[in-house]
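Hi everyone, thanks for making time today.

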Amino acid sequence: MKKNKLLFILCLLININSFSQELLAKVTVNANRVSTTVDKRIFITLQNQLTNFLNNRKWTNDSYKAVEKIECSFVLNIENTTEPNIYKGQLLVQSARPVFGSTYQSALINYQDGDLLFKYIEFQPVEFNENRVGGSDPYSANLTAIFAFYSNLILGLHYDSFSPKGGEKYFQKVQNIVNNAPEGSNVNGWRIFDGLRTRYWIAENLSNPRNNILHNVIYGYYRSGFDKMSTSEKEAVSNFLQTLNQLKAFNTQNPNSMFVQFFTQNRLQEFIGIFKRSSIDDKEKAVTVLSNIDAANGGNYSEALK
């Protein structure tokens, strides 16, 4: 009997380990700007609940070892409270992908969402239902919908970076969240008319079948580019140029698209680092393509890679 119990416990532990959660998320809730009349302990509770929500939820059907978990951070800066239990703020989302054969990590996402409005009452359940994204209260549901949106976005980018179109199912989940997003006064970022740099356009760009080239860009940049650097830098640089020219072609056909801005944001030093030891010819090619996809930094590329 004891032997059978031991085998059962062992199988249970193996099963739990095989379905280990995917994210290793750090959540920070900063409420320094909120009125002193609000008990600040509520934000510590919120921070803990969001951390548990991200790290304890099973987001995929794949098994992850502890060392394979995707590190990411969510910094929620609460700016003010418009009415009791209703908060307005911004969310900074960051995650990086390890580069094969090195200690370097290249950013998958480094994006600030500046349009959050949500309701939170201390100890209220922080839950998310894919089949009922909007929930019964749009202001409460908006909080978890946004965090689920970026969690699936991180997964999609991560999988895309390791295999061609590997993140497709997660980009579809991102699109599903947009399609069924909470609706309420001042609940923004989910609709086509909410602006040109919103969750709506991130989802549209990455889930639209007409934009398959973007998934080639993601795969080419990380897998064919960075992961080749330790074994053949010359081949890697060639692959980088090919990938960035694909992004340039997309940018020409789709000026001011959300993805190009999303992808190039805060990559100035990384782009320069990739090409700084390249041949003069490759540097010239790099300046041309980088000045197209990241025009605001065109002069910086010319100066650094001359």
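Helices here are DSSP runs of H or I with at least four residues, strands are runs of E with at least two, and both are numbered from the N terminus. For the angles, axes are lines fitted to C-alpha atoms, for helices over the stretch in contact, and the values run from 0 to 180 degrees between N-to-C directions. Contact means heavy atoms within 4.5 Å.

A word on where this comes from: the model is predicted, so local features need pLDDT of at least 70 and side-chain atom pairs count only at pLDDT 80 or more, while totals for chains, interfaces and linings use all residues. Residues are numbered from 1 along each chain as its sequence is written, and side-chain values use heavy atoms, leaving out hydrogens and water.

Strand 1 pairs with strand 2 (residues 70-83) in the parallel sense over 8 bridges. If you look for V29, its bridge partner in strand 2 is L76.

Next, what does helix 10 pack against? Its buried residues pack against helix 7 (233-253), helix 8 (258-264), helix 9 (268-275) and helix 11 (298-304). Those buried residues are D282, K283, A286, V287, V289, L290 and I293, where buried means under 20% relative accessible area, exposed over 50%, and partly exposed in between, with a 1.4 Å probe and protein chains only.

Let's follow the helix 7 partner. The axes of helix 7 and helix 10 come within 9 Å and cross at roughly 30°. The two helices are therefore roughly parallel to each other, a label for angles under 35 degrees; over 145 is roughly antiparallel, 65 to 115 roughly perpendicular, and the rest oblique. Among the residues meeting there are L241 and L244 in helix 7, and A286 and V289 in helix 10.

Finally, T243 also sits in helix 7. T243 is buried, at 4% relative accessible area. Leaving aside residues up to four places away in sequence, T243 touches V217, G220 and Y221.

Key
Pairing = 2+ DSSP bridges.
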